[in-house]
Amino acid sequence: MRLIILVLGLLTGLFAEAAERPVVTYLDSPRQFRGAQAFKDKESGITFYVESDGRHVAAINAEGKILWHRDPFVEAKLEPYRFERPVIVWIGQPHAWMTEGRKEKFISISFNSSQFGILDLKTGNFTFLGND
């Protein structure tokens, strides 16, 4: 009986201590790198391919022609943040607020460091929008 009371007392103390510590959660928390990925824009028919290095993105049209090939992280002169070598962990349609007021068409990318931005569909130019 004393052992049960002792264990319950220790657990109660641990839970109380944990409750006092703040919990930090990032809006777009770092995701694990899954390797090469692709995203096809339905409207343009362009497939965007993130290479297995996690840094280079290529745009390929329906006929298989490479339209552009870019390294958004290097070209935007981004600095490492949270990771020594951030890699792209997500590619897809941007949120409406990301392209508001812009005439061009874009796709969105996110790095495992939580840095993110948009790529111009036609040129591959990367616009850094921030980090969480």
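**Figure 1. Pairing of strands β7 and β8 in the predicted model.** The model shown here and in the other views is predicted. Strand β7, residues 115-120, is joined to β8 by five bridges, and the two strands run antiparallel. Within this pair, glycine 117 of chain position 117 stands opposite phenylalanine 128 in β8.

**Figure 2. The open sheet β5-β6-β7-β8.** Four strands form an open sheet in the order β5-β6-β7-β8, and their pairing is antiparallel. The edges are taken by β5 (88-92) and β8 (126-131); each has a single partner strand, so one side of each is left without a neighbour in the sheet. Neighbouring strands of this sheet are turned against each other by 20° on average, with direction ignored. Strands of a sheet pair through backbone hydrogen bonds, in either a parallel or an antiparallel manner.

**Figure 3. The open sheet β1-β2-β3-β4.** This view shows an open sheet of four strands, ordered β1-β2-β3-β4 and paired antiparallel. Strands β1 and β4 are the edge strands, and each of them pairs on one side only. From one strand to the next, the twist averages 15°.

**Figure 4. Pairing of strands β2 and β3.** Four bridges connect β2 with β3, and the two strands run antiparallel. Tyrosine 49 has alanine 58, in β3, as its bridge partner.

**Figure 5. Salt bridge between glutamate 43 and lysine 105.** The closest N and O atoms of glutamate 43 and lysine 105 are 3.3 Å apart, and the two residues form a salt bridge. The pair links distant parts of the chain, 62 residues apart: glutamate 43 belongs to the loop between β1 (37-40) and β2 (47-50), and lysine 105 to the loop between α3 (96-99) and β6 (106-111). Glutamate 43 has a relative accessibility of 64% and therefore counts as exposed, the cut-off for this class being over 50%. Lysine 105, at 48%, counts as partly exposed.

**Figure 6. Salt bridge between aspartate 71 and arginine 55.** The side chains of aspartate 71 and arginine 55 meet in a salt bridge, with 3.9 Å from N to O. Aspartate 71 lies in the loop between β4 (66-70) and α2 (72-75), and arginine 55 in the loop between β2 and β3 (57-60), so the pair ties together parts that are 16 residues apart in sequence. Aspartate 71 counts as buried because its relative accessibility is 13%, and arginine 55 counts as buried at 7%; the class is defined as under 20%.

**Figure 7. Salt bridge between arginine 70 and glutamate 75.** A salt bridge also brings together the side chains of arginine 70 and glutamate 75, at 2.6 Å from N to O. Glutamate 75 has a relative accessible area of 40% and is partly exposed. The count of salt bridges in the model comes to three.

**Figure 8. The largest pocket and its lining.** The largest pocket holds about 250 Å³ of space. Its lining consists of 13 residues, of which Asp41, Glu43, Lys105, Phe106 and Leu121 are the closest to the pocket centre. By residue class, the lining divides into six charged, four nonpolar and three polar residues. Two of the residues named here, Glu43 and Lys105, are also the partners of the salt bridge with a closest N to O separation of 3.3 Å.

Methods
Residues are numbered from 1 along each chain as its sequence is written. This is a predicted model: local features need pLDDT of at least 70, side-chain atom pairs count only at pLDDT 80 or more; totals for chains, interfaces and linings use all residues. Side-chain values use heavy atoms; hydrogens and water are left out. On a 1 Å grid over the protein atoms alone, a cavity is a set of points where a 1.4 Å probe fits but cannot get out, and a pocket is an open set with protein on both sides within 12 Å along at least five of seven lines; lining residues have an atom within 4 Å of a point. Grid points are joined across faces, edges and corners, and a volume is the space filled by probe spheres set on the points. Ala, Val, Leu, Ile, Met, Phe, Trp, Tyr, Cys and Pro count as nonpolar, Asp, Glu, Lys and Arg as charged, and the others, Gly among them, as polar. Two strands pair if DSSP finds at least two bridges between them. Axes are lines fitted to C-alpha atoms, for helices over the stretch in contact, and angles run from 0 to 180 degrees between N-to-C directions. A salt bridge is a side-chain nitrogen of Lys or Arg within 4 Å of a carboxyl oxygen of Asp or Glu. Buried means under 20% relative accessible area, exposed over 50%, partly exposed in between (1.4 Å probe, protein chains only).
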